[in-house]
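Hello,

Here is the structure I promised to pass on.

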Amino acid sequence: MNNTEISRIFEEVGDLLEIQGANSFRVRAYRMAARTIGDHPEQMADLFAANPRQLEEISGIGKDLAAKIKTILETSELPQLTELRLEVPAGVADMLRIDGMGPKKTAALWKELGILDLDMLKAACESGQVAGLKGFGEKTAKKILEGLAHVAESGMRHDLAEAKFLSDSIVDALQLVPGVHQVSAAGSVRRRKETIGDLDVLVTADDSTAAMDCLGTHPLVEKVLARGETKQRVRLRGGMEMDLRVVPAESYGAALQYFTGSKEHNIMTRRRAAEMGLKINEYGVFRGETSIAGRTEEEVYQAIGLPYIPPELREDRGEIQRAEKGTLPKLLELADMQGDLHMHTTATDGTASIREMIDAARQRGLKYIAITDHSKRVSMANGLDADRLRAHWKEIEVIRAEYTDIQVLRGIECDILEDATMDLPDDVLAEADWVIAVLHYGLKQPKDQIMARLMTAIRNPHVSVLGHLTGRYLGKRPRAPAAMDLKEVLKAAADHGVMIEINAHPSRLDIDDLGAAAARDLGIPIVISTDAHATTGFDVMQFGVFQARRAGLEARHVANAQEWTTFKSLLRSNR
Ligand code: DGT
Ligand code: CA
Ligand code: CA
């Protein structure tokens, strides 16, 4: 169990306790512990292995929670959570996935109206029952219906970070099995799609038994759903499912190509093969009965007259034509990233100090960063007003002077208010090295108002970049993007020299791949930033890079993949 998984267990305990109406201090203790553990730079398992007492000494943990962490580390589960899951129906907990529904509203619907799942909730909204409930009303009922539609649309998909973690863990375990030769993730995880339906893994092996036994008894596996000669399907902890396929070595490349997909890309490769008088399937490329390729993916693509196409591009978005013409992009890589331009400190809702964030960034080899705490509208995060922000910037100035190998920009993540004004006055923004303009509130406003707000930010001469532009959330608690004419926003950004962020947080990935490609086509420099709220927050950069690769971006398209001197020349103050 890693910190993320332990953190998720505590978070779920907190949610279920709150739905049950437990003491708010108790609920808060679990939530805080979840966050502390999730953000902790060292693994709980390592701390525990070194000295079990160390867990108790972490601030916000204490004896009681340390004992629970011990149980989780030793047994991979927490009996308390198992009990809570029995007491609170799964369908009730599902209501938390609806945008705007917290534990309080969920509890009211469950206890007052006896609503047990999303279908019952939909019916109760439509019949007016929900609107009639104290504290709800017409508007809330309508919002819940919209949220329900969005949940239904996004289905039970999981975010890439969770899926990739599970997939990597199992690939690593399979690699150690004697007699297993090649192992690879396939499917949407390999294509780095932002959300994942199920996991797909391929192996070649002398005999399939050992590989399947390894998977069947893996600690992350909850249940073996089916097992045949060459295919096994399992359910993992947390609900994801996975297909393992054992394939012959001479077909490995063909199977990897086939099961990596996408289905749409495969339709195009199959069509192309047919036009060449060939047949392509998961066993190989065939001329008549004779296999002419199949051992490697390179060989498969070569057999149909194409260079290797990176998995991230296999979505039938013109990659076959580009491959044919030899114009595939040389995709951005994680190692290209030089800077990170969106992060928080203890001045607002971060858990690390300015100095700790700078040190962690240096350790990761970053050459420049921007410290961008919240503006005052985000009162929940203790957002900064002009005075506090200026004091914060002073502090950054003093600290950054101590460093010669990293540039530290004095930044701000400034809210664009509901009435289409900026949360901080122009004279303050003018003093910043880096201004991220964002929408946090009023995301459900009508399109015209959202557009007016974005235009305010774009026309502001001090705004450097639009952060997490659409405001969407992926994963367990999905939130729809704000209504906007994206093309028009991007055109205006291009005209006014405003950059566009790919927020690398796996539950945001905002702007998405298609949006990033559209921005690139308009010549807008893309910035990929982590939005780190802790020193460990830098680790999500990879997910931003994956999204950029899916957009077909090269290093030259990404502002913070440039050397400091080049990046510096892109700053507004230097133009
Ligand atoms: P997911 O799991 O919904 O996130 O998406 P994928 O792409 O992983 O889809 P999945 O797991 O259903 O299948 C894995 C790959 O197998 C898929 O990307 C392409 C291939 N595949 C599956 N079914 C078909 C099919 O009916 N036709 C073709 N050509 N390929 C298929
Ligand atoms: Ca899949
Ligand atoms: Ca599958």
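The notes below cover a metal site and then a helix.

The model is predicted, so to speak of local features I required pLDDT of at least 70, and side-chain atom pairs count only at pLDDT 80 or more, while totals for chains, interfaces and linings use all residues. Residues are numbered from 1 along each chain as its sequence is written, chains are lettered from A and ligands numbered from 1 in the order in which they are written, and side-chain values use heavy atoms, without hydrogens and water.

Donors here are N, O and S atoms within 2.8 Å of the metal (3.2 Å for Na, K and Ca); water is not among the atoms, so sites may look incomplete. D198 also bridges to the calcium ion (ligand 2), and the two ions lie 3.7 Å apart. Because D200 sits in strand β4 and D243 in strand β7, the pair ties together parts that are 43 residues apart in sequence. Helices (H or I, at least four residues) and strands (E, at least two) are DSSP runs, numbered from the N terminus.

Helix α25 (residues 541-550) is largely enclosed by the rest of the structure, because nine of its ten residues are buried. Its cover includes α12, β16 and α24. R550 belongs to this helix and has 6% relative accessibility, so R550 counts as buried. Beyond its neighbours within four places in sequence, its contacts (heavy atoms within 4.5 Å) include R191, E312 and D513.

Best wishes

Terms used: Buried < 20%, exposed > 50% of the residue type's maximum accessible area, 1.4 Å probe, protein only.
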